[in-house]
Amino acid sequence: MGINGKYSIGILLTFVLLAAAMLYAFPAVTLITGIRGITGTNFLITRFIIWGIFFIVLLYSFFIEKESFLLKKEIRYSLVFYLKSVVCLYFICSIGGALLNIIIHLLVQEKISGKLFELTPIFKSNYFLLIFTCFTAGAVEELLMRGYIQSRIEKIYNNSAVGIIFSAVLFGILHSTYGTIGQVVIPFFIGVVFAVFYKIYSNIKILIICHFMIDFISLVAMNFMDIKHLSLF
């Protein structure tokens, strides 16, 4: 099998594992622990499952593809560039996401995701779970969606636009389990923004930091300001 075939299998493996985790992690954890419903313990275990998927893909890249996990070499930047980039990306994603959310609500009068309502209480006063959840989403999703999938699609098709769009589409689809149009469209928009940044600047760490910030601020807002529709994780 050629390297492009191995890349294709790796992309499919990554998406299938992530989709399976989004759909079946909670039922599986409930079956194992016997604890029903969405609890802090069950949710924490599902985050470890997400990390397990990352390590499976990491091993696949090393032993099957025999390639570096990140095909794009990380470019180093100054601290000032990091700060400017994170702030700019955060406001682009937040403002763009808010506008899209308003448009969606005006067009279809969409209700807030019921799954987010169920998740919100488990973060009350559980700052470790909140931070670990945001770090898991930021690190694993960016490493897999941008660092792994985007770069390999670009290699397969020799087209950066295909890598950007395809990775953003997959990112949006994975969030469809939250049950609303907004939880697909807004992640797709953020996925495009992040993918374009990664293509131009080749730095995954900035995206991880910004993704963490978006989720962290969203969860804090959900807990303390009763805003329940901005979470990306």
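**A pocket and its helices**

Visitor: Which helices each supply at least two residues of the lining of the second largest pocket?
Guide: Helix H3 (79-108) and helix H7 (182-201). Helices are DSSP runs of H or I with at least four residues, strands are E runs of at least two, and numbering starts at the N terminus. This is a predicted model, where local features need pLDDT of at least 70 and side-chain atom pairs pLDDT 80 or more, while totals for chains, interfaces and linings use all residues. Residues are numbered from 1 along each chain as its sequence is written, and side-chain values use heavy atoms, without hydrogens and water.

Visitor: Which helix gives the largest share of that lining?
Guide: H3, with six residues. Among the lining residues are Phe81, Lys84 and Ser85, along with Val193 and Tyr201. A pocket here is an open set of points on a 1 Å grid over the protein atoms alone, where a 1.4 Å probe fits, with protein on both sides within 12 Å along at least five of seven lines; lining residues have an atom within 4 Å of a point.

Visitor: How do those residues divide into nonpolar, polar and charged?
Guide: Nine are nonpolar, one is polar and one is charged. Asp, Glu, Lys and Arg count as charged; Ala, Val, Leu, Ile, Met, Phe, Trp, Tyr, Cys and Pro as nonpolar; the others as polar.

Visitor: Now the whole chain. How many helices and strands?
Guide: Eight helices and zero strands.

Visitor: What share is buried?
Guide: Of the 233 residues, 47%, where buried means under 20% relative accessible area (1.4 Å probe, protein chains only).

Visitor: What box do the C-alpha atoms fill?
Guide: Roughly 45 × 40 × 35 Å, along the principal axes.

Notes. Buried < 20%, exposed > 50% of the residue type's maximum accessible area, 1.4 Å probe, protein only.
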